[in-house]
Protein chains: 2
Amino acid sequence: MDGFIAGLNGGPKNPLGDGGTEIHKWLYNQKAFLELLELGEGGETGKDNDIVNEIINRSGASIMGKRMFVEGEANWPENAPFHTPVYVLTHEVREPWERKGGTTFYFINDGIEIALQEAKQAAGDKDIRIAGGADTIQQYLNAGLVDDFTINFSPIMLGKGVRLFDNIDKGKFTIDIAEAVNSPQVTHLRYKLNNK
Amino acid sequence: MDGFIAGLNGGPKNPLGDGGTEIHKWLYNQKAFLELLELGEGGETGKDNDIVNEIINRSGASIMGKRMFVEGEANWPENAPFHTPVYVLTHEVREPWERKGGTTFYFINDGIEIALQEAKQAAGDKDIRIAGGADTIQQYLNAGLVDDFTINFSPIMLGKGVRLFDNIDKGKFTIDIAEAVNSPQVTHLRYKLNNK
């Protein structure tokens, strides 16, 4: 609620930073999420789960920043929770890293536009998800390359951390409300962007 | 969307700061708002207007900080848009200031709890509205004196300005979602607080 998508001191041993997992608490018991991580049967099947399912199903590839990858690399299970190609923005030169279940990480050294081109080729008719972190999301927003986004707005304040909408070049787009999906745990705010 | 409720450089000649009125644009054509300021007939009568009406009708008194008052004093019409007692937190000693239409401003020098006590006596069965600005809202939140709040979440980013949820003592309360009311112009996010 106070704009932070991760706490302070994030890293491989402290994924999402101090208090950061609290923001995503609503997610951890959704059926679609449990299935994605192969954490077992069960889980909630309400509107929150529908949103998670829809996002999984429409995503044909993901893009993420180096720090998000490094945090994930240390913590994702062997069957990484993407099941699609994932393009990692990094200066590191590294061979593709294939995981169980259809996730392959490709390491892109040529910037956000090349990563997007490669992701589009891989995704076919499906969408590209800019997974995070904040800096990567901001780069794509400021380049006018984001068509829509969903904020899962949790009733939590972190007080300190990494802000989602920092360093935004607000002259680059206007935002239209698509819908707000109500749930007792989290409000899903969906938007369409008009890039200039 | 990026957490600011007012822009930079706010003051009597620049109410709500640089770009700040943009956040409230949805409000300016609501029937209830036009009536409140006696700006004429007409205006929108949809869900946004229902929310404005409901907030006006349930408010028996308002509390505001000195800076909000100073901005308003220079800009409100003679018939100030409250029509209830308004308690202004200030170090200035000043006689009550009565305006047309039932608004009287009382200047409180003894802090937020005294202001709340006086407002409660005036409001009877109705609610007290903490009108703003951000610093006043934060003081009441951190004192555990807020029961519920509504954020009218506009699809606007200011980039710079005054943050609503700065300096929050997040150990003082937890927040439950009450509802999210959808509209094409603004999303009304309503919460209940559990004060500790």
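**Figure 1. Superposition of chain B on chain A in the predicted model.**

**Figure 2. The buried side of helix H3 in chain B.** Helix H3 spans residues 66-73 of chain B, and Phe69(B), Glu71(B) and Gly72(B) are its buried residues in this view. These three cover an arc of only 165° around the axis, which places them on the same side of H3(B).

**Figure 3. Strand E2 of chain A and two of its pairings.** Seven of the seven residues of E2(A), which spans residues 59-65, are buried, so this strand is largely enclosed by the rest of the structure. Five bridges connect E2(A) with strand E6 (residues 127-132) of chain A, and the two run parallel. In this pairing, Gly132(A) of E6(A) stands opposite Met64(A). Strand E3 (residues 85-89) of chain A also pairs with E2(A) in the parallel sense, over four bridges. Here the residue of E3(A) opposite Ser62(A) is Val86(A).

**Figure 4. The open sheet E7-E10-E9 of chain B.** Three strands make up this sheet, and their pairing is antiparallel. Strand E7 (148-153) and strand E9 (173-181) of chain B stand at the edges with a single partner strand each, so one side of each is left without a neighbour in the sheet. From one strand to the next, the twist averages 25°. E7(B) and strand E10 (residues 187-195) of chain B run antiparallel and are joined by six bridges. Among the paired residues, Asn152(B) has His188(B) in E10(B) as its bridge partner. Helix H2 (residues 47-58) of chain B lies across E7, E9 and E10 of chain B, and runs at about 35° to E10(B).

**Figure 5. Aromatic ring pairs in the two chains.** Over all chains, the count comes to 25 aromatic pairs, for which ring centres must lie within 6.5 Å. One of them joins Trp76(B) and Phe82(B): the ring centres are 5.2 Å apart and the planes are at 90°, so the pair is edge-to-face. Phe82(B) is buried, with a relative accessible area of 10%. In chain A, ring pairs link Phe69(A), Trp76(A), Phe82(A), Trp97(A), Phe105(A) and Phe107(A) into a cluster.

**Figure 6. The surroundings of Ser154(B).** Ser154(B) is located in the loop between E7 and strand E8 (162-163) of chain B. Its relative accessible area is 5%, and Ser154(B) is therefore buried, the limit for this class being under 20%. Apart from neighbours within four places in sequence, the residues in contact with Ser154(B) are Met1(B), Ile23(B), Trp26(B) and Val186(B). Pro184(B) lies 30 residues from Ser154(B) along the chain, and the C-alpha atoms of the two are separated by 9.8 Å.

Terms used:
Residues numbered from 1 in each chain as written. Chains lettered and ligands numbered in written order. Predicted model: local features only at pLDDT ≥ 70, side-chain atom pairs only at ≥ 80, totals over all residues. Heavy atoms only, no water. Buried < 20%, exposed > 50% of the residue type's maximum accessible area, 1.4 Å probe, protein only. Arc of directions from axis to C-beta. Least-squares fit on C-alpha atoms with pLDDT ≥ 70 in both. Pairing = 2+ DSSP bridges. Axes fitted to C-alpha atoms, helices over the stretch in contact; angles between N-to-C directions. Contact = heavy atoms within 4.5 Å. Phe/Tyr/Trp six-rings, centres within 6.5 Å; stacked < 30°, edge-to-face > 60°.
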